[in-house]
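Let's walk through this structure together, starting with its charged side-chain pairs and ending at the ligand. Keep the 3D view open as you read.

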Amino acid sequence: MGLSEIENRISAACKKAGRDRADVQLIAVSKVQPNDRVAAVLDQGHRLFGENRVQEAAGKWPDFRASYPGAQVHLIGPLQSNKARQAMGLFEAIHSVDRPKLAQAISRLAQEEGRCPDLFIQINTGEEPQKAGIMPAQADDFIKDCRDLDLPVRGLMCIPPVEETPSLHFALLAKIAARNGLSGLSMGMSGDFEQAIAFGATHIRVGSAIFGERVPGQG
Ligand SMILES: *Cc1c(COP(=O)(O)O)cnc(C)c1O
């Protein structure tokens, strides 16, 4: 597919939804992709990327950042508390704040270092036991707790259950964000980013539709 076709589809989805293209950020999810594919997208001028593993990002992004000024990387995958310090030095935003212990660790480090990436709270909109994220019923309290910790919470993130209609989950995420005064909505992937845009996504996370399929069993 490729970047330019995705750009066209994003513009069309924004137009249909009556939204400004500038209000939707495309996060090109480069996890597990060969470096030449990532470099090709950087060469086309794209600068915002997503990775789901701290170690993998630490291995490739320092070099890319040196070669491509302005490159930004967001962490979209789970974060262990003991990797929080490293993550805070590697990413402009963390989309996977999903438990009190992690929020507390980030808060301590932010005080210590005097800076903090933008944060998104992951909500388990499908209430799936195996999936990370705050349950919808706990979301308001957790958002408040994060604010009490002085964390820069910009928005919410969700990964809908694969077998369900994503729109219901996008609508729920948007509702929780609105009632908590949060403007950021990290939702929508290769298969459903147009619907996510219709429901107000501000950050869509698109991987395989830009780069091609990932190597099976990874990422
Ligand atoms: C891998 C991943 C994506 C991108 O998935 P595609 O279907 O390849 O677009 C988006 N969000 C998260 C959290 C991911 O782990």
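**Charged pairs and a ligand site**

Glu194 and Arg9 form a salt bridge, with their closest N and O atoms 2.9 Å apart; the term stands for a side-chain nitrogen of Lys or Arg within 4 Å of a carboxyl oxygen of Asp or Glu. This pair links distant parts of the chain, since Glu194 is in helix 8 (residues 193-198) and Arg9 in helix 1 (residues 3-17), 185 residues apart. Helices (H or I, at least four residues) and strands (E, at least two) are DSSP runs numbered from the N terminus. Before going further, please note that this is a predicted model, in which local features need pLDDT of at least 70 and side-chain atom pairs count only at pLDDT 80 or more, while totals for chains, interfaces and linings use all residues. Residues are numbered from 1 along each chain as its sequence is written, and side-chain values use heavy atoms, with hydrogens and water left out.

How exposed are the two partners? Glu194 counts as partly exposed at 30% relative accessibility, and Arg9 counts as partly exposed at 22%. Here buried means under 20% relative accessible area, exposed over 50%, and partly exposed in between (1.4 Å probe, protein chains only).

Next, look at Arg65, which forms a salt bridge with Glu92, the closest N and O atoms being 2.9 Å apart. Arg65 belongs to helix 3 (residues 54-67), whereas Glu92 is in the loop between helix 4 (84-90) and strand 4 (93-97), 27 residues apart. Arg65 is partly exposed, with a relative accessible area of 25%, and Glu92 is partly exposed at 28%.

A further salt bridge joins Arg85 to Glu112, with 3.1 Å between the closest N and O atoms. Arg85 lies in helix 4 and Glu112 in helix 5 (residues 100-113), so the pair ties together parts that are 27 residues apart in sequence. Arg85 is partly exposed at 44%, but Glu112 counts as exposed at 54%. Salt bridges that share partners join Arg85, Glu112, Glu113 and Arg115 into one network. The salt bridge count comes to 13.

Now turn to the ligand. The residues that surround the ligand include Val29, Lys31, Ile76, Met189 and Gly207, where a residue is near a molecule if one of its heavy atoms lies within 4 Å of it. An oxygen atom of the ligand is 2.5 Å from an N or O atom in the side chain of Ser190. A nitrogen atom of the ligand is 2.9 Å from an N or O atom in the side chain of Arg205, and a polar side-chain atom of Arg214 lies 2.7 Å from an oxygen atom of the ligand.

Note on methods. Polar contact = N/O pair within 3.5 Å; in protein donor to acceptor, adjacent residues only side chain to side chain.
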